[in-house]
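Good morning, and thank you for coming. I would ask you to keep the sequence and the structure in view while I speak.

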Amino acid sequence: MPIGSFAVRGKGLRLAVTLLTVIPWRGARGDAAPGGDVAPPRAAAAAAMAWAPAVGLLLGAAASAVLLLADHPLGAGPLAASVLAVGSLALLTRGLHLDGLADLADGLASGKPAPAALDIMRRPDIGALGAVTLVLTLLLQVAALSQAESAGHGRGPAALIAAVVTGRLAITWACRRGVPAARPDGLGALVAGSVRPVVAAAVSAVTLSAAVAAVAISGTVAGGALGWTLPLAVAAGLGAAFGLQRHAVRRLGGITGDVLGALAEIAMTVTLAVAAMGPPA
């Protein structure tokens, strides 16, 4: 494999971290490949979108640490701990995905043609439906996570990590080849169609395999403490995101940065809700 490919992938990882989190990584947006050649922006963006689920794993682990610390050593209880964990995700991502969800809700609910809907999504304010969508989504995330955490035996952290990874995997799928950008500029234009479907499929297979393995290990070690819903939750989250992506592309003509953020939140919410289902451990 050419050295330049490693350089582009490395820059993609750094770009993914700085785009999807508040974590600073010096040189993430201006690294040069060996020999002084700057990595092509689109190639680096494609690599960043492929790395998105790995960044989700990092975010999920951090939020799970908050969940566990608040619930057990500090004794805040599952509900308060879930609020803190979901809040930590918002802080770690600058709230960009939540903002995208609210903007997309306003744009789609306007009923206007694509150009006018895109203009609405660009506005800095949030409309009534965007605000309601945001509040209901956060409430559902907290309620589902609290239910999973109340079941004990690690179901809360497992559900949270699976949900955050699935949310970022939805971004990877939305950037696959064949999905256009809604605008000629912005993040959507840079990443739309940049990820090979085989890459998204491979990452999805790894994610689902990890969920199945976690359930199998749980069944062997702790008598099925994680329940059977975790792999189903990942599949449901991806399915919900795929449905929303198709609707957004049909209404807007393609994806934007707001669409990507909304997909991440919807996939995460559905994954959490399904993972919290099932009989008590």
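Asp185 forms a salt bridge with Arg122, and the closest N and O atoms are 3.4 Å apart. A salt bridge here is a side-chain nitrogen of Lys or Arg within 4 Å of a carboxyl oxygen of Asp or Glu. Side chains of opposite charge can pair when their charged atoms come close. The pair links distant parts of the chain, 63 residues apart: Asp185 is in the loop between helix 7 (155-174) and helix 8, and Arg122 is in helix 5 (residues 114-122). A search of the whole structure finds one salt bridge. Is Asp185 buried, partly exposed or exposed? Asp185 counts as partly exposed, because its relative accessibility is 42% and the class runs between buried, under 20% relative accessible area, and exposed, over 50% (1.4 Å probe, protein chains only).

Please note that this is a predicted model, in which local features need pLDDT of at least 70 and side-chain atom pairs count only at pLDDT 80 or more, while totals for chains, interfaces and linings use all residues. Residues are numbered from 1 along each chain as its sequence is written, and side-chain values use heavy atoms, with hydrogens and water left out.

Let me turn to the overall fold. The chain has 11 helices and zero strands; helices (H or I, at least four residues) and strands (E, at least two) are DSSP runs, numbered from the N terminus. Of the 281 residues in the chain, 48% are buried.

A polar atom of the Thr256 side chain lies 3.2 Å from the backbone nitrogen of Asp258.

Next, the surface. Which residues form the positive surface patch? They are Arg9, Arg42, Arg177 and Arg196. Patches are made of residues with over 30% relative accessible area and no salt bridge, where like charges are joined within 9 Å and nonpolar side chains (Val, Leu, Ile, Met, Phe, Trp, Tyr) within 5 Å. Lys and Arg count as positive and Asp and Glu as negative, while His and the chain ends are not counted. The place of a charge is taken as NZ of Lys, CZ of Arg, CG of Asp or CD of Glu.

A nonpolar patch is formed by Leu129, Val132, Val135, Leu136 and Leu139, with about 460 Å² of accessible area together. Accessible areas come from the Shrake-Rupley method with a 1.4 Å probe, and for residues only the protein chains shown count as cover. Leu136 lies in helix 6 and counts as exposed, at 53% relative accessibility.

Finally, the backbone. Arg94 has a positive phi of about 65° although it is not a glycine. Arg94 lies in the loop between helix 3 (78-92) and helix 4 (96-109) and is partly exposed, at 43%. His153, another residue other than glycine, has a positive phi near 60°. His153 lies in the loop between helix 6 (128-151) and helix 7, and is exposed, with a relative accessible area of 57%.

Terms used. A polar contact is a pair of N or O atoms within 3.5 Å; within protein, one must be able to donate a hydrogen and the other to accept it, and residues adjacent in sequence count only if both atoms are side-chain atoms.
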